[in-house]
Amino acid sequence: MSAFKLSASLGRVSAAAAALLAPAIAFAQETAPAAAEAVAAAPVPDKGDTAFMFVCTILVLFMLVPGLGLFYGGLVRAKNMLSVLMQCTVAGSAVMLVWVIYGYSFAFGGSTSPYWGGTAKMFLAGVTMDSTAATFSDGVVIPEMIFIMFQMTFAAITPALIVGAFAERIKFSAAVLFCILWATFVYFPIAHMVWDANGLLFGWGALDFAGGTVVHINAGVAGLIGAIMVGKRTGFGKDMMAPHSMTLTLVGAAMLWVGWFGFNAGSNLEASGGAMLATVNTFIATAAAIISWSLVETFTRGKASMLGAASGMIAGLVAITPAAGIVGPMGAIVMGLIVSPLCYFFVSVVKNKFGYDDTADVFGVHGVGGLFGALATGIFASSSLGGIGYADGVTMGGQFMTQVYAVLVTLAWCGIGSAILYKIVDVIVGLRVPVEAEREGLDLSSHGEAAYHS
């Protein structure tokens with residue numbers, strides 16, 4: 001075939017193909033702008049927000065290990081130091097696994113139920129490197145994976161907080177099993193109710209920026225019930241049970257303060273002015289609470305103690321948690337000044353009056369501080385007091401009552417649920433170690449090792 005004939009043949013084929021493809025080409029030309037617009041409209045995570053949330057997530061992990069472990073470890077006797085470290089570490093690790101298997105779905109699975117998130121995201125179904133989670137700003141998203149991991153650290157540290165209430169006498173297996181069950185039936189539902197858009201308390205308009213109800217009231221109430229149901233330590237009120245290392249307690253408390261910036265600022269979910277407000281408040285409310293506790297001790301005991309300063313540090317952090325991105329700096333200072341006398345009263349007066357053995361004052365600091373913080377958030381959120389203000393049509397009185405209702409729901413759900421779960425754990429594995437093992441110390445009797453060697 002000549003080159004001319006070949007060219008003519010190809011031309012006819014091309015013309016025929018063009019005729020056949022013309023409708024498809026026309027359709028593509030018509031739909032391309034719409035498709036491009038849809039792609040352009042899909043929000044893309046900002047690398048700065050993603051990096052910020054990654055750092056905050058690691059900081060919250062730092063709160064758990066080694067921060068919380070050392071804080072509690074210094075408060076117990078030397079023979080029980082490692083047992084507390086193990087309970088915090090293993091219980092936290094177990095809840096991390098539970099979180100990615102079903103906890104994330106139970107809390108944020110997309111269900112329209114006001115009480116739980118459903119099963120749609122069990123085993124992280126549908127979660128990819130490209131899936132995103134919404135923030136508090138329209139059109140701003142972060143990778144879903146970092147949202148999952150950030151919330152996972154909250155889920156891990158909250159049940160570990162309870163450990164301090166029944167330290168020095170609970171079985172290791174009982175502590176871990178209780179934390180898993182408690183996270184499943186208490187923490188995940190409360191997290192959904194407070195932080196999910198379909199949640200009961202979220203729908204009511206309850207304010208909890210970083211976990212006053214979800215974390216601290218929850219853990220404090222569970223700790224109080226645990227201290228009562230597990231029972232007092234052998235020799236309580238007779239034997240010397242002073243903290244064995246205030247040095248380690250301060251080191252742990254300082255680590256908690258550092259990590260708490262991830263806890264509070266990260267709850268803003270993006271690196272914006274809201275995160276910086278939470279950072280400022282986390283600094284100054286805590287500082288105010290330390291000074292306040294030291295002053296209270298000076299007036300009541302004649303001396304300010306290191307234990308008191310460390311306790312004030314945690315009390316201030318707890319109080320500002322629900323309010324961190326909501327109240328103004330001056331309101332944060334007032335909250336820090338008020339919370340320490342309240343917690344001091346419960347730790348030094350109420351606990352002795354009722355005789356319960358809350359080893360590390362989980363209820364006295366986390367429970368009471370969380371209660372105060374949750375209620376005070378409803379007041380100091382007012383723009384007239386320097387806060388960010390209320391939703392349209394909401395008054396200070398109305399918001400305060402909403403906070404009261406949210407606290408009552410948390411108290412009831414956690415109180416009843418925790419009591420049932422302690423009983424179940426007692427039936428399955430038993431709550432307490434034998435008296436001989438307790439006298440020997442849980443480090444050796446439960447783990448076969450010692451924190452210190454003379």
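Is Arg77 buried or exposed? I looked it up in this predicted model. Arg77 is buried, with a relative accessible area of 12%. The cut-off for buried is under 20%, so Arg77 falls inside it.

**Entry 1: the partner of Arg77**

I searched for a partner next. The side chain of Arg77 meets that of Glu168 in a salt bridge, 3.1 Å from N to O. The two sit in distant parts of the chain, 91 residues apart. I found Arg77 in the loop between helix H2 (47-75) and helix H3 (81-108). Glu168 is in the loop between helix H4 (144-162) and helix H5 (172-195). I checked Glu168 for burial too. Its relative accessibility is 1%, so Glu168 counts as buried.

**Entry 2: Asp357 and Arg233**

I moved on to another pair. Asp357 and Arg233 join their side chains in a salt bridge, at 2.8 Å from N to O. Asp357 lies in the loop between helix H11 (329-354) and helix H12 (362-380). Arg233 lies in the loop between helix H7 (212-230) and helix H8 (246-265). The pair therefore ties together parts that are 124 residues apart in sequence. Asp357 is buried, at a relative accessible area of 1%. Arg233 also counts as buried, at 7%.

**Entry 3: Lys121 and Glu144**

How far apart are the closest N and O atoms of Lys121 and Glu144? I read 2.4 Å for this salt bridge. Lys121 is in the loop between H3 and strand S1 (132-134), whereas Glu144 is in helix H4. The pair ties together parts 23 residues apart in sequence. Lys121 is partly exposed, with a relative accessible area of 22%. Glu144 counts as buried, at 2%.

For the tally, I searched the whole structure and got 8 salt bridges.

**Entry 4: Gln403**

Gln403 lies in helix H13, residues 396-428. Gln403 is buried, with a relative accessible area of 2%. What does Gln403 contact, leaving aside its neighbours within four places in sequence? I listed Gly205, Ala206 and Leu207, then Ala374, Leu375, Thr377 and Gly378.

Technical notes:
Residues numbered from 1 in each chain as written. Predicted model: local features only at pLDDT ≥ 70, side-chain atom pairs only at ≥ 80, totals over all residues. Heavy atoms only, no water. Salt bridge = Lys/Arg side-chain N within 4 Å of Asp/Glu carboxyl O. Helix = DSSP H or I, 4+ residues; strand = E, 2+ residues; numbered from the N terminus. Buried < 20%, exposed > 50% of the residue type's maximum accessible area, 1.4 Å probe, protein only. Contact = heavy atoms within 4.5 Å.
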